[in-house]
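Here are my notes, as promised. Have the structure open while you read, and tell me if anything looks off.

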Amino acid sequence: MNKVLGIDLGTTYSCVAYIDASGKPVVLKNAEGELTTPSVVFFESPGNVVVGTPAKESSKLYPDEVVGLVKRSIGQPGIAWDIHGASLTPEEVSSYILKKIVGDAAAALRAENLLEPDEVIRDVVITCPAYFGISERESTSKAGELAGLNVLGIINEPTAAAITYGITGMIENKVVLVFDLGGGTFDVTMIDIQPNAIKVICTGGDHSLGGKLWDDRIIEYVAAEYARQTGNTDDILTDPETLQELSLSAERAKKMLSARERAPIAINYAGERARVELTREQFNSLTGDLLERTMLLTEQMLEDAGAKGYSRGRIDEVLLVGGSTRMPQITERLEAYLRIPVKIYDPDEAVAKGAAYYADRQSFFADVVEKYSEQTGRDEQDVRREIDEGAADIKELARAVDMEEGEGHSAAASIGIVNVTSRSFGTIAFESVGASEEEGGEVLYNMIIKNTELPAREVRQFYTVAENQRTVSIRVLESLSGERHGAPGEGTEIGEAVLELPEGLPAGSPVEIEFRLNESGLLELRAVETAQNREVSARFETVDAISENAYAEAKRRLDETNV
Ligand code: AMP
């Protein structure tokens with residue numbers, strides 16, 4: 001059977017899982033024997049890249065050649081690291097992490113004779129925060145492609161955790177709140193675990209709020225203590241080596257405070273040494289506002305869920321995932337706030353395991369579609385589209401080609417998984433028909449509204465303005481607004497939909513464009529020139545997509561590099 005992997009590509013740590021012969025998800029160890037790999041990349045020399053714990057440990061000595069927290073920059077415009085004369089995009093840096101962890105996972109499977117010596121693994125599902133928009137998802141997918149992987153899907157981390165919880169815990173009929181605080185991101189999601197389906201109701205969060213900010217507060221505190229104890233007023237944090245050293249010891253102290261009342265931290269700079277003993281109480285007071293921000297975002301999400309008919313009284317329990325939920329103040333605060341049981345659930349592995357379940361499900365679907373297309377002579381793309389649009393049912397297709405439900409696959413193959421979009425997607429429209437195209441008349445028209453179930457589709461009619469117009473380009477904006485109409489300034493432009501029209505259309509010809517957000521939250525377009533009902537080529541170009549040249553350069557470097 002084709003081996004597929006689920007990958008939790010975390011801000012600070014990454015983890016890989018597969019489904020074993022008995023249908024259970026299992027996390028695979030890396031070459032260092034660890035179950036999670038630090039998402040840190042050390043560009044040792046051109047052609048030599050080190051990923052994981054050895055890279056993290058090198059950060060002190062080589063701060064300029066080590067990149068961490070790359071997930072914070074994925075999908076953000078114009079970010080690159082200049083190392084050894086190359087300009088490295090977040091996609092490229094992430095692809096080294098993927099290459100390392102997938103390579104190690106394959107080696108672990110080979111060691112157990114579960115993979116042939118010459119067999120490689122290509123098919124993967126990668127997770128991302130529910131809060132990621134299209135650019136971040138596109139970039140994550142591109143990173144996978146660069147690493148030579150076939151990305152079967154991108155799935156939200158809380159959904160992945162809920163899949164693991166639902167299936168391995170055999171949980172049914174429960175509404176859970178997944179509170180996911182990782183190293184760099186925060187997501188809060190309400191999920192209804194039904195007997196045969198896992199349904200996301202609402203999601204919210206902040207993709208720059210994570211454990212690293214708790215570390216930063218310790219770093220600032222220790223730097224201030226250093227100044228107080230030594231009288232040296234230099235800004236010690238501008239020295240990269242000191243900053244790296246402090247980052248490592250701050251994270252260590254933070255973790256220690258999850259289990260104990262006190263944590264010592266020592267700092268050496270300019271020949272002077274300071275020592276700080278941080279108490280849990282002090283730490284809580286230094287970071288209290290960060291905790292409150294997670295509560296505020298939870299409250300906002302609960303209000304959105306309430307508007308969809310899911311009142312907070314319906315929540316049965318809170319599931320904590322993500323390494324940072326090990327901080328005891330999170331459980332204490334949530335229990336006081338929601339007054340429902342709070343459970344820490346497999347914080348390091350639940351996401352990767354859920355991704356493995358989802359990957360297995362996707363590969364079962366792919367097998368069914370392939371077999372069905374072979375037997376009926378139908379085009380695979382058409383069959384897929386019918387499934388997405390609800391016109392065909394995967395279970396019926398499986399039966400039609402004599403494939404038992406989920407044959408050879410895990411329980412995930414036979415459950416429904418319904419996700420929602422965390423953002424709204426729209427275009428610029430004009431306030432009234434005939435209004436001039438002057439700025440004053442522009443409004444943001446949201447075609448797909450936040451927290452709508454995926455896949456979602458919406459059709460809009462446009463008209464050509466000139467005779468023989470050959471292209472139409474439509475600005476696509478993403479926003480957090482939950483309304484149909486808004487001010488253009490509420491949205492962030494994420495790209496352009498470009499339609500190529502046939503020759504000879506008169507001015508005012510109607511063109512219908514369909515926006516579709518697929519299950520992975522990626523935008524797909526279809527357009528039809530309605531007068532003669534001709535399909536029109538439609539592409540979506542993201543603003544920040546890595547350029548063709550940068551991609552080719554990155555690919556060449558990656559192929560020539562030992563990871
Ligand atoms: P994740 O992205 O889910 O792997 O979470 C990683 C984050 O969890 C990092 O910021 C870690 O410092 C943090 N973390 C891991 N273990 C602990 C712990 N015992 N106490 C506090 N934070 C932790």
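How far does helix α9 reach from its first C-alpha to its last?

1. Keep in mind that this is a predicted model. Helix α9 runs over residues 350–376, and from first C-alpha to last it reaches 39 Å. That is close to the 39 Å expected for its 27 residues at 1.5 Å a residue.

2. As for cover, α9 is mostly tucked away, with 20 of its 27 residues buried. Just after α9 comes glycine 377, which takes a positive phi of about 75 degrees.

3. Now the ligand. There are 14 residues around it, and Gly183, Glu251, Lys254, Ser258 and Gly323 come nearest. Helix α6 (residues 240–259) gives the largest share of this shell, namely four residues. Sorted by class, the shell has eight polar, four charged and two nonpolar residues.

4. In lysine 254, an N or O atom of the side chain is 2.7 Å from an oxygen atom of the ligand. Serine 324 uses its backbone instead: an N or O atom there lies 3.1 Å from a ligand oxygen. With arginine 326, a polar side-chain atom lies 3.3 Å from a nitrogen atom of the ligand.

5. How much of the ligand does the protein bury? Taken alone, the ligand exposes 500 Å², and the protein buries 88% of that.

Key: Residues are numbered from 1 along each chain as its sequence is written. This is a predicted model: local features need pLDDT of at least 70, side-chain atom pairs count only at pLDDT 80 or more; totals for chains, interfaces and linings use all residues. Side-chain values use heavy atoms; hydrogens and water are left out. Helices (H or I, at least four residues) and strands (E, at least two) are DSSP runs, numbered from the N terminus. The expected span of a helix is 1.5 Å times one less than its number of residues. Buried means under 20% relative accessible area, exposed over 50%, partly exposed in between (1.4 Å probe, protein chains only). A residue is near a molecule or strand if one of its heavy atoms lies within 4 Å of it. A polar contact is a pair of N or O atoms within 3.5 Å; within protein, one must be able to donate a hydrogen and the other to accept it, and residues adjacent in sequence count only if both atoms are side-chain atoms. Accessible areas come from the Shrake-Rupley method with a 1.4 Å probe; for residues, only the protein chains shown count as cover. Ala, Val, Leu, Ile, Met, Phe, Trp, Tyr, Cys and Pro count as nonpolar, Asp, Glu, Lys and Arg as charged, and the others, Gly among them, as polar.
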